Amino acid sequence: MNNTETIFELKIDETTKNNFKAVSLWAKINAVVAFISIGISIATIILTAGMIGADAAGSLFGQQFIAMSISILLNVVLLSAAKNIQKAVSFTDQGAFNKGLGELARYLKIIGILFIVASILVIIIFLFLLLVGGFGRG
Amino acid sequence: MENIMEELKEDHLSGIDLEVDNETRDELHTASKWGRFIGIFMFVICGILLIAVATGGNAFAQILQAAFYNLGFVFAVDTALLVVTMFAAILFFAVSYYFLYNFSVKIKQALHEESTGHLNQGINSLKLFFILSGVVSIIGVLFSLYSLSIYL
């Protein structure tokens, strides 16, 4: 059976298309605002370098580098999802539609995995503090 | 020329409509699974924050005041007002992640029951989630721009 051939009754009507259009618009806004935010963070580090010194600014940039990289990766995926969904709805492109939804799923998956990693880190830090506190008292 | 080609392409495809094929179903299923996880995770975080603010609101307000001062906001902020603002912010986050959770639930229902109505409700919830996130992001960028302008 052809993969694109549908045997299900689930249909995409005009309301769905309009909602997908709005989703792609706002997803794009979110991604662009996130890129602007990263730009502002870099500008702030550069501008404060004069006050706190180049070494401290370099250290600050190093600390924020991972967060910025993750944010760029996430928002590139979101922007790609938004562009593909918009293209799919405008030109009735099934391939772009599936690709866009795939990117959206990937975006949510990355956030979910980041939450899991952050939770594990918080638990490890909490356990470490408990252990240090326990030994400190003993 | 490019516009004419795009218009021709659009006309040519106007008879064909988008459909929910097997690949679309897989992608929607994955998105709904992770959306549900993120929604529940954020509800737990909001719950923890609500309890923290309710029990130690004054301490939180002082930390926020110090943070505002470091960002260059030199005006004094009332502690009670800050606590109320923190409650409002947590509720705002809870509501926005409720929409992501609702997206997941409705998409799952739509795939299970072959219901276009549920699909529309799900996508509408996703739209509202992105609108609320977008508004928060824009406010955040405006704050960052304000603190950046202090250094200029």
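Helices, of at least four residues, and strands, of at least two, are taken as DSSP runs and numbered from the N terminus. On this basis, chain B of the predicted model contains four helices and zero strands. The order of elements along the sequence of chain B is α-α-α-α. Of the 152 residues in chain B, 26% are buried. Among the contacts in chain B that join residues at least 6 apart in sequence, 65% link residues at least 24 apart.

In chain A, helix α1 spans residues 14-52 and helix α2 spans residues 54-91. The axes of these two helices of chain A come within 8 Å and cross at roughly 165°. Angles over 145 degrees count as roughly antiparallel, and α1(A) and α2(A) are therefore roughly antiparallel to each other. The crossing of α1(A) and α2(A) is left-handed. The residues of the contact between α1(A) and α2(A) comprise 23 nonpolar, eight polar and three charged.

The contact between the chains draws 43 residues from chain A and 42 residues from chain B. On the side of chain A that touches chain B, two or more residues are given by each of α1, α2 and α3 (94-137) of chain A. Helix α1(A) provides the largest share of this side, 19 residues. By residue class, the side of chain A that touches chain B divides into 24 nonpolar, 15 polar and four charged residues.

The largest nonpolar core holds 45 residues. Elements giving two or more residues to this core are α1, α2 and α3 of chain A, along with α2 (22-70), α3 (79-113) and α4 (116-151) of chain B. The members that touch the most other members are V23(A), A27(A), L78(A), A81(A), I85(A), L108(A) and A31(B). Apart from its neighbours within four places in sequence, L108(A) is in contact with A31(B), W34(B), G35(B) and I38(B). In soluble globular proteins, nonpolar side chains tend to be buried together.

Within chain B, A61(B) lies in helix α2. A residue counts as buried if 20 or more other C-beta atoms lie within 10 Å of its own; A61(B) has 21 other C-beta atoms within 10 Å and is therefore buried. When neighbours within four places in sequence are left aside, the contacts of A61(B) are with T79(B), L82(B) and V83(B). A61(B) and D78(B) are separated by 17 residues in sequence, and their C-alpha atoms are 8.8 Å apart in space.

Conventions
Residues numbered from 1 in each chain as written. Chains lettered and ligands numbered in written order. Predicted model: local features only at pLDDT ≥ 70, side-chain atom pairs only at ≥ 80, totals over all residues. Axes fitted to C-alpha atoms, helices over the stretch in contact; angles between N-to-C directions. Parallel < 35°, antiparallel > 145°, perpendicular 65-115°, else oblique. Left-handed = near helix turned anticlockwise from the far one by under 90°. Nonpolar A, V, L, I, M, F, W, Y, C, P; charged D, E, K, R; others polar. Contact = placed C-beta atoms within 7 Å. Buried ≥ 20, exposed ≤ 12 C-beta atoms within 10 Å, placed from the backbone. Core = buried A, V, L, I, M, F, W, Y, C linked by C-beta atoms within 7 Å.
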